[in-house]
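Here's a quick tour of the side-chain contacts and packing in this structure. Have a look at it first, then read on.

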Amino acid sequence: MHAANPPLQVLLQIGIPIGPRSPQGRGPRPVVLMPSTSIRKMEYDLDRRTLSVWFVASGKRYEFEGVPPETFAAFRAAFAKGRYFNDHIRNNFRYRLVASDSDPG
C-alpha cells in the first residue's frame, strides 16, 4: 500500500499538470512528449504512481512502479531526459516491459 496522494496544491507546486482522467477513471494522467534522442514519450499515473516510458530506438514501453510525483516532475523538467532517466529512474524502481499492442500511441 502506498501513502495517500499529495493534495492538489502540492501537485501544482511541483509542476504536475492536472488534466483529463485516465481511461480507467482514476486520477489525472499527464502525458509528456519531448524532443529527446532516447525517450519518445512519458506518461504518469498518479493514483498508481506508475511512470510509463517509451524509448526512441526500440519503440518499447516500460512501466516503472512506485515512482513519486516529485521524481516525475523532476524528470519532466530535466533538460537532458535520457541522463535524468539513467541517473534517477533506471535501476531505482521496479519495472516491466509492456506489450506493444497496449501502446496508446
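## Rings, charges and helices

Tyr95 is partly exposed, with a relative accessible area of 49% (buried means under 20% relative accessible area, exposed over 50%, partly exposed in between, with a 1.4 Å probe and protein chains only). Before going further, a word on the source: this is a predicted model, where local features need pLDDT of at least 70 and side-chain atom pairs count only at pLDDT 80 or more, while totals for chains, interfaces and linings use all residues. Residues are numbered from 1 along each chain as its sequence is written, and side-chain values use heavy atoms, with hydrogens and water left out.

**Aromatic rings.** There are 8 aromatic pairs in the structure (rings of Phe, Tyr and Trp, the last by its six-membered ring, with centres within 6.5 Å; planes under 30 degrees apart are stacked, over 60 edge-to-face and the rest tilted). One of them is Phe55 with Phe85, edge-to-face at 5.3 Å centre to centre and 75° between the planes. This pair links distant parts of the chain, with Phe55 in strand β3 (residues 50-55) and Phe85 in helix α3 (residues 81-89), 30 residues apart. Helices (H or I, at least four residues) and strands (E, at least two) are DSSP runs here, numbered from the N terminus. Both Phe55 and Phe85 are buried. Tyr62 and Tyr95 pair up too: their ring centres are 5.9 Å apart and their planes at 65°, so the pair is edge-to-face. Again distant parts of the chain are linked, Tyr62 being in strand β4 and Tyr95 in strand β5, 33 residues apart. Zoom out and you get one aromatic cluster made of Phe55, Tyr62, Phe64, Phe75, Tyr84, Phe85 and Tyr95.

**Salt bridges.** The model has 5 salt bridges (a side-chain nitrogen of Lys or Arg within 4 Å of a carboxyl oxygen of Asp or Glu). Among them are these:

| Salt bridge | N to O distance |
|---|---|
| Arg48 and Asp45 | 3.9 Å |
| Arg61 and Glu63 | 3.0 Å |
| Glu63 and Arg96 | 3.1 Å |

Glu63 sits in strand β4 (residues 61-65) and Arg96 in strand β5 (residues 95-98), so this pair links distant parts of the chain, 33 residues apart. Glu63 counts as buried at 6% relative accessibility, whereas Arg96 is partly exposed at 41%. Salt bridges that share partners join Asp45, Arg48, Arg61, Glu63 and Arg96 into one network. Within it, Arg61 is buried, and Asp45 is buried with a relative accessible area of 2%, while Arg48 is partly exposed at 35%.

**Helix packing.** How do α2 and α3 pack? Helix α2 (residues 69-77) and α3 meet at an angle of about 155°, with their axes 8 Å apart (axes are lines fitted to C-alpha atoms, for helices over the stretch in contact, and angles run from 0 to 180 degrees between N-to-C directions). The two helices are therefore roughly antiparallel (over 145 degrees; under 35 is roughly parallel, 65 to 115 roughly perpendicular and the rest oblique). Thr71, Ala74, Phe75, Arg76 and Ala77 in α2 meet Lys81, Tyr84, Phe85 and Ile89 in α3 (contact means heavy atoms within 4.5 Å).

**Loops.** Two residues other than glycine have a positive phi: Arg49, near 55°, and Asn91, near 65°. Arg49 lies in the loop between β2 (39-45) and β3 and is buried, at 15% relative accessible area. Asn91 belongs to the loop between α3 and β5 and is exposed, at 66%.
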